[in-house]
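Hi,

Here's the structure I said I'd pass on. Have a look, and then read on for my notes.

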Amino acid sequence: MTEAQTPAEAPPETRTVWINGALLPEDEARISPFDHGWLVGDAVFETLAIVRGMPFAARRHLRRLAYSAEHLGVALPDADMLREAMVAVAAANGLEEGRLRITVSSGTGPLGSSRGDSPPTATVAATPQPPWPATTAVATMDWTINERSPLAGLKTVSYGANVRALAEAIDTGASEAIFANTQGQLCEGTGSNIFLADQGRLITPSLASGCLAGVTRQLVIELTGALEKDVQLEALASADEAFLTSTTRDVHPIHAVDGRPLPSAPGPLTQAAAQAFARLKATQIDP
């Protein structure tokens, strides 16, 4: 695998998915072409790790899903139903380790921004999760995150900007694109949060920067005592060490920013964070 490549999923066999309460083979699953998630991105989602056959940190992920849904105005199925659906999908696909995705849209609607009055569409799907390289490169973007957007801090499916930015990052040999916010402050990646060493301790952008309240981010803060501190985007390239956090990456050391190597990858603070997180995953399923 080259540095520019993100982990690719193996060609699927027959996958089983969950849609609105039913487990179905993938080729029998149907979502309306009038679904508002498809039409205008009117949907929220969560990605969870499958660890020892179970969804990892499900309580935290379902709480964040509820937050996103409330602020977007999307109704959610019962949390216990979603939890049972995740376990059932992981089992049906024979996955002891992997990734789960919950997606909930506002349901079918008009061919425009206004909503209809249908019930929501809820799906759960799962795939294997190939390992990432031991360290990674990132590329900073000229585009920014609008920290005052009505979607700031919500995990919605409106990922067009992320798709475009990630493609550009991959073209440079990186595996993640990093954004500043409109004030030029370091914010987040397309699917990750970011930590760096600052005067001998770990810091990560505050939620006021517009970044997503990542579940792995919060766990790493709790495990390491990292500070939420806003810094300019340029601080990343001059850091002694830095890493990404996400559901699929866990703690992922950064070895280069915009092609410029960092002094240490992984550095001592990164190593300590990675070890603490690995111990947590090895001993708990719903921390």
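Below is what turned up, taken piece by piece. Keep in mind that this is a predicted model.

Let's start with a pair of helices. Helix 2, residues 58-72, packs against helix 5, residues 215-224, with about 125° between them and their axes 10 Å apart. The 125° angle makes helix 2 oblique to helix 5. As for handedness, the crossing of helix 2 with helix 5 is right-handed. If you want to click on the side chains, helix 2 brings Arg60, His61 and Arg64 to the contact, and helix 5 brings Val215, Gln218, Leu219 and Glu222. Sorted by class, that contact of helix 2 with helix 5 has 3 charged, 2 polar and 2 nonpolar residues.

Next, a hairpin. Strand 8 (residues 176-181) and strand 9 (residues 186-189) run antiparallel and are paired over 3 bridges. Phe179 sits opposite Glu188 of strand 9. There are 4 residues between the two strands of this hairpin, and Gly184 has a positive phi, near 80°.

Last, the aromatics. The count of aromatic pairs comes to 3. One of them is Phe45 with Tyr159: the ring centres are 5.4 Å apart and the planes are at 80°, so this pair is edge-to-face. Phe45 belongs to strand 3 (residues 43-51), while Tyr159 is in the loop between strand 7 (136-145) and helix 4 (160-171), so the pair ties together parts that lie 114 residues apart in sequence.

Cheers

Technical notes: Residues numbered from 1 in each chain as written. Predicted model: local features only at pLDDT ≥ 70, side-chain atom pairs only at ≥ 80, totals over all residues. Heavy atoms only, no water. Axes fitted to C-alpha atoms, helices over the stretch in contact; angles between N-to-C directions. Parallel < 35°, antiparallel > 145°, perpendicular 65-115°, else oblique. Left-handed = near helix turned anticlockwise from the far one by under 90°. Contact = heavy atoms within 4.5 Å. Nonpolar A, V, L, I, M, F, W, Y, C, P; charged D, E, K, R; others polar. Pairing = 2+ DSSP bridges. Phe/Tyr/Trp six-rings, centres within 6.5 Å; stacked < 30°, edge-to-face > 60°.
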